[in-house]
Amino acid sequence: MKIIIADDHALYRDGLRLNLDKILPEATLSEAASFAELLELLKKEPDTDLLLTDLNMTKTDWEDSIKSIKEYAPDIRIGIISSSENIHAIKRALNLGVCCYLPKDIDTKVLNSALGLILNGATYFPPALLKQAADKMNLANGKKLTNRQFEVLKYLSQGLSNKQIAYQMDVSEATVKLHINALLRAVGATNRTQAVIRAQKMGVI
């Protein structure tokens, strides 16, 4: 597996590399201290599997940065490293389809667990931030989405199938169907597309 760590803080890069070395010693790890260095690395290694990057390194918008990255490595999984924990940042990350959002002050044990999930193809977003996002969604009936319903909504917005969602959440497809049905009732939608559109209008995703 090829992994790139891109961050303009050398100490953070070193710490993250040490953690990755322990979890996946056979991986090929590269580092970039700037967005320009990152793009040069991707030119040479377009088959990189995972990128963990602080997108604040670049002066361009997140969406533009990710578009640039995808031009060089279309199949790469992208995870965001950030010193920010505001709800708008994580909502944008969810919309961009990134595989994780790692706050820089995350506890080492939690970080290692999160990295384990990511390296096994799953996703990681801090539960507290997901809860904040879910709490933002005040529904017409006065209820709010549960964390699980919000998680399902996130995957629906990415176009994942029930089988793919079941894999990401480590549950059965039958459980996913139950969550989707509960989500549809909660937002007053008749299908998954309508649920995503309603959520977008509410500013949740």
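Reply: Threonine 53 sits opposite isoleucine 80 in β4. This is a predicted model.

Me: What makes β3 and β4 a pair?

Reply: Two strands pair if there are at least two bridges between them. β3 and β4 have four bridges, in the parallel sense. They therefore count as paired.

Me: What about the faces of β5?

Reply: Both are covered as well. Cys100 and Leu102 are buried on one side, Tyr101 and Pro103 on the other.

Me: Why are the buried residues of α2 said to lie on the same side?

Reply: Start with the list. In α2 (residues 35-44), Phe35, Leu38, Leu39, Leu41 and Leu42 are buried. They span an arc of only 160 degrees around the axis, so they fall on the same side of α2. A general rule fits here. An α-helix has 3.6 residues a turn, so residues three or four places apart point the same way.

Me: What lies on the other side of α2, and what covers the buried residues?

Reply: Ala36 and Lys44 are on the other side, and they are exposed. The cover over the buried residues includes β1 (2-6), β2 (28-32), β3 (50-53) and α3.

Me: Why is lysine 70 called partly exposed?

Reply: Its relative accessibility is 33%. Buried is under 20% and exposed is over 50%. The value for lysine 70 falls in between, so the label is partly exposed. Lysine 70 belongs to helix α3. Beyond its neighbours within four places in sequence, lysine 70 is in contact with Ile76 and Ile78. Proline 46 is 24 residues away in sequence, and 9.3 Å away from C-alpha to C-alpha.

Me: Why is glutamate 71 called exposed?

Reply: Its relative accessible area is 63%. The cut-off for exposed is over 50%, so glutamate 71 passes. Glutamate 71 is in helix α3 too. Leucine 42 is 29 residues from glutamate 71 in sequence, with 9.3 Å between their C-alpha atoms.

Me: What makes aspartate 170 worth a look?

Reply: Its phi is near 60 degrees, a positive value in a residue other than glycine. Most residues other than glycine have a negative phi. Aspartate 170 is in the loop between α8 and α9 (173-187). Its relative accessible area is 69%. That is over 50%, so aspartate 170 is exposed.

Me: What makes up the lining of the largest pocket?

Reply: The pocket holds about 330 Å³ of space. Of its 16 lining residues, Leu117, Thr123, Arg148, Glu151 and Gln168 are the closest to its centre. By class, nine are nonpolar, three polar and four charged. Leu counts as nonpolar, so Leu117 is in that class.

Me: Which helix gives the most to that lining?

Reply: α7 does, with five residues. α6 (127-135), α7 (147-157) and α8 (162-169) each supply at least two.

Me: What lines the second largest pocket?

Reply: This pocket has a volume of about 170 Å³. Its lining has 15 residues, with Arg77, Ile78, Gly97, Val98 and Cys99 nearest the centre. The classes are eight nonpolar, five polar and two charged. Gly counts as polar, so Gly97 is in that class. α3 (62-72) and β4 (77-82) each supply at least two lining residues.

Me: How many helices and strands does the chain have, and how much of the chain is buried?

Reply: There are ten helices and five strands. Of the 205 residues, 47% are buried.

Methods:
Residues are numbered from 1 along each chain as its sequence is written. This is a predicted model: local features need pLDDT of at least 70, side-chain atom pairs count only at pLDDT 80 or more; totals for chains, interfaces and linings use all residues. Side-chain values use heavy atoms; hydrogens and water are left out. On a 1 Å grid over the protein atoms alone, a cavity is a set of points where a 1.4 Å probe fits but cannot get out, and a pocket is an open set with protein on both sides within 12 Å along at least five of seven lines; lining residues have an atom within 4 Å of a point. Grid points are joined across faces, edges and corners, and a volume is the space filled by probe spheres set on the points. Buried means under 20% relative accessible area, exposed over 50%, partly exposed in between (1.4 Å probe, protein chains only). The arc is that of the directions from the helix axis to the C-beta atoms. Contact means heavy atoms within 4.5 Å.
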